[in-house]
Amino acid sequence: MFEGHPKGLWALALANTGERFGYYTMLAVFLFFLQDNFGFSMGTSSFIQSLFLCFVYFVPLFGGMLADKFGFGKMVTSGIVIMFLGYLLLALPLGAGAMALGVMALALLFICIGTGLFKGNLQVLVGNLYDEPKYSAKRDEGFSIFYMAINLGSMFAAAVALSIMAWAQEAFGISKADAYHYAFAVACVSLIISIIIYYAFRKTFVHADRAKMPANGAAEVVEEELTPAQTKERIICLCLVFAVVIFFWMAFHQNGITMNQFAREYTATSETGFMSLFLSKSLNFTDVRSFWNLLLCVISVFGILNVFQSKTIKGKSIAAVIAIASLGVVAYRATIVTGAVEVEAPIFQQFNPCFVVALTPIIGIIFGALAKKGKEPSSPMKIGLGMLVAACAFVILLVASWSLPSADAQKAAVEAGTATLVSPNWLISTYFVLTIAELLLSPIGISFVSKVAPPQYKGMMMGGWFVATAIGNLLISVPGLMWGMDLSIIWGVLIGICLVSAAFIFSILKRLEAVAK
């Protein structure tokens, strides 16, 4: 999976990892910053964050339009600089007055604009690398690797944010409200690293910027010429895919709404034994029940895969040692763990990025094997399968919730001490299956957009992908508003949305596959 890709992929992926690490570090604590620093209620804080998330994913449409006119590289560079200014303003400890509120609003505006210029256009550069015939067959794999890099950034974000805050409080004797600014400062540092990587290895992908000349000074890259009818058909097909993407993100981002609420109200509040290794809220490296155990499992997966994929005895041996050592540490910690660990709802958020990193190479190997046999599904087929798998994820929650009462009845039962709580394994299993759906749809969908978008509208069409994501983020509150209903109705609605979306994709499959040829 990791062989045969253009060198520019690794530079762009690492630059994106740095930017995403900063973004998720900020996002990990931003909701609580609004409450602890400004005294906002949960409702007000949630509204501010949801509005911010909507604009973060909406602005790339305009960033893409600008890139189509002025060049993708220029917009990426401008985006990093503007984002840096936004995080820098957030890092300033200005208190909680009107000035602080105004500066925060300006900071969020800068982050939205900067992300809009950076995110989609960086992905267009990745897609352009695969326009060369020798790389075209590796496009989906390339975007899967790129997507994995995004989640590498998010895996460590929460842990670093909380650790930096704890360190700042202890080292400088400051309050929790002031400590948030140190977490925001981490985002500034990560962007500096990102821009250094981007320019240090720019020669590996400069030819992918259609506003630039190839590095060897040859003629300008020749773009594919389409008739007006072909251009129109491609835009229509992409808009049809965007319509499905809206409902996928509406379902997927329930991880922060109804699934999070299910974790708080219906899931066991303690766990013992082996699974307690991965459910501790502690992020201390020395804690035997911590995030680090999950990371070691991910490392072992890569080690095992490389045992089979490495072409040299030395490579196989090193991979085997890494896999055995990682699993050995986890096994040892399992033998010394005692008692029960407290399970809090936010801890489940760490499973998705870890599963993405662990499952990406496995799915890549599966599709690579199918490709060699000429049986690899097309990108539109993978998107449809992703919606079916997403439906299966919510079926798991439907089964887990079958005999559980409504939210109001559950609260009364909790107060009376008679509530029925389900195992955390139900949610972990749901996250596992939902992650498979994400890997089938999100990186593959981005790959599809980069391939099908008419050359003169590539930036705008990639921005359209993010607009669909933004609309999906606005719709995530719909199941939340249904929370007082029977749980089977809520999960049933999400299952239905996923199934209808899958049916729609399959109904236009031939049309989508035709434009992708």
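**Figure 1. A cluster of aromatic rings in the predicted model.** Ring pairs join nine named residues here: Tyr23, Tyr24, Phe30, Phe33, Phe38, Phe40, Phe52, Tyr180 and Phe184. The model is predicted.

**Figure 2. Trp167 and Tyr182, an edge-to-face pair.** How many aromatic pairs does the structure have? The count is 27. One of them joins Trp167 and Tyr182. Their ring centres are 6.4 Å apart, and the planes make an angle of 80°. That angle counts as edge-to-face because it is over 60 degrees. Trp167 belongs to helix H7 (residues 157-172), while Tyr182 belongs to helix H8 (residues 176-200). The pair therefore ties together parts that are 15 residues apart in sequence. Trp167 is partly exposed, at 47% relative accessible area. Tyr182 is partly exposed too, at 31%.

**Figure 3. Phe262 and Tyr266, a stacked pair.** Here the ring centres of Phe262 and Tyr266 are 5.4 Å apart. The angle between the planes is 15°. This pair counts as stacked because its angle is under 30 degrees. Are the two residues, Phe262 and Tyr266, buried or exposed? Both Phe262 and Tyr266 are buried.

**Figure 4. Thr25 inside helix H1.** Thr25 sits in helix H1. Its relative accessibility is 0%, so Thr25 counts as buried. Which backbone oxygen does the side chain of Thr25 reach? It is the one of Phe21, at 2.6 Å. Thr25 also has contacts beyond its neighbours within four places in sequence. These partners are Ala157, Ala161, Ala183 and Val186.

Figure 5. The whole structure has 8 salt bridges. In one of them, Lys176 pairs with Asp36. The closest N and O atoms are 3.8 Å apart. This counts as a salt bridge because the cut-off is 4 Å. Lys176 is in helix H8 and Asp36 is in helix H1 (residues 7-38). The two residues are 140 residues apart, so the bridge links distant parts of the chain. Both ends are partly exposed: Lys176 has a relative accessibility of 44%, and Asp36 has 39%.

Figure 6. The closest N and O atoms of Lys138 and Glu141 are 2.8 Å apart. Lys138 is partly exposed, with a relative accessible area of 21%. Glu141 has 15% relative accessibility and counts as buried. The cut-off explains these two labels, because buried means under 20%.

**Figure 7. Lys382, a residue with two partners.** Lys382 meets Glu376 in a salt bridge, 2.7 Å from N to O. Lys382 also lies over the face of Phe367, at 4.3 Å from the ring centre. Is Lys382 buried or exposed? Lys382 is buried, with a relative accessible area of 1%. Glu376 is partly exposed, at 33% relative accessibility. Elsewhere, salt bridges with shared partners join Asp131, Arg139 and Lys458 into one network.

Figure 8. How many disulfides does the structure hold? The number is 0. Take Cys112: the closest cysteine sulfur belongs to Cys54, 9.1 Å away. That is too far for a bond, because the two sulfur atoms of a disulfide must lie within 2.5 Å. Cys112 is buried, with a relative accessible area of 7%. Cys239 is in no disulfide either. The nearest cysteine sulfur to Cys239 is that of Cys237, at 9.4 Å. Cys239 is partly exposed, with a relative accessible area of 42%.

Figure 9. Val241 lies in helix H9 (residues 228-252). At 2% relative accessibility, Val241 is buried. Which residues does Val241 touch, not counting those up to four places away in sequence? They are Ile383, Phe448 and Leu512. Trp491 gives another distance to check. Val241 and Trp491 are 250 residues apart in sequence. In space, their C-alpha atoms are 23 Å apart.

Methods: Residues are numbered from 1 along each chain as its sequence is written. This is a predicted model: local features need pLDDT of at least 70, side-chain atom pairs count only at pLDDT 80 or more; totals for chains, interfaces and linings use all residues. Side-chain values use heavy atoms; hydrogens and water are left out. Rings of Phe, Tyr and Trp (its six-membered ring) pair if their centres lie within 6.5 Å; planes under 30 degrees apart count as stacked, over 60 as edge-to-face and the rest as tilted. Helices (H or I, at least four residues) and strands (E, at least two) are DSSP runs, numbered from the N terminus. Buried means under 20% relative accessible area, exposed over 50%, partly exposed in between (1.4 Å probe, protein chains only). A charge sits over a ring if NZ of Lys or CZ of Arg is within 6 Å of the ring centre and within 35 degrees of the ring normal. Contact means heavy atoms within 4.5 Å. A salt bridge is a side-chain nitrogen of Lys or Arg within 4 Å of a carboxyl oxygen of Asp or Glu. A polar contact is a pair of N or O atoms within 3.5 Å; within protein, one must be able to donate a hydrogen and the other to accept it, and residues adjacent in sequence count only if both atoms are side-chain atoms.
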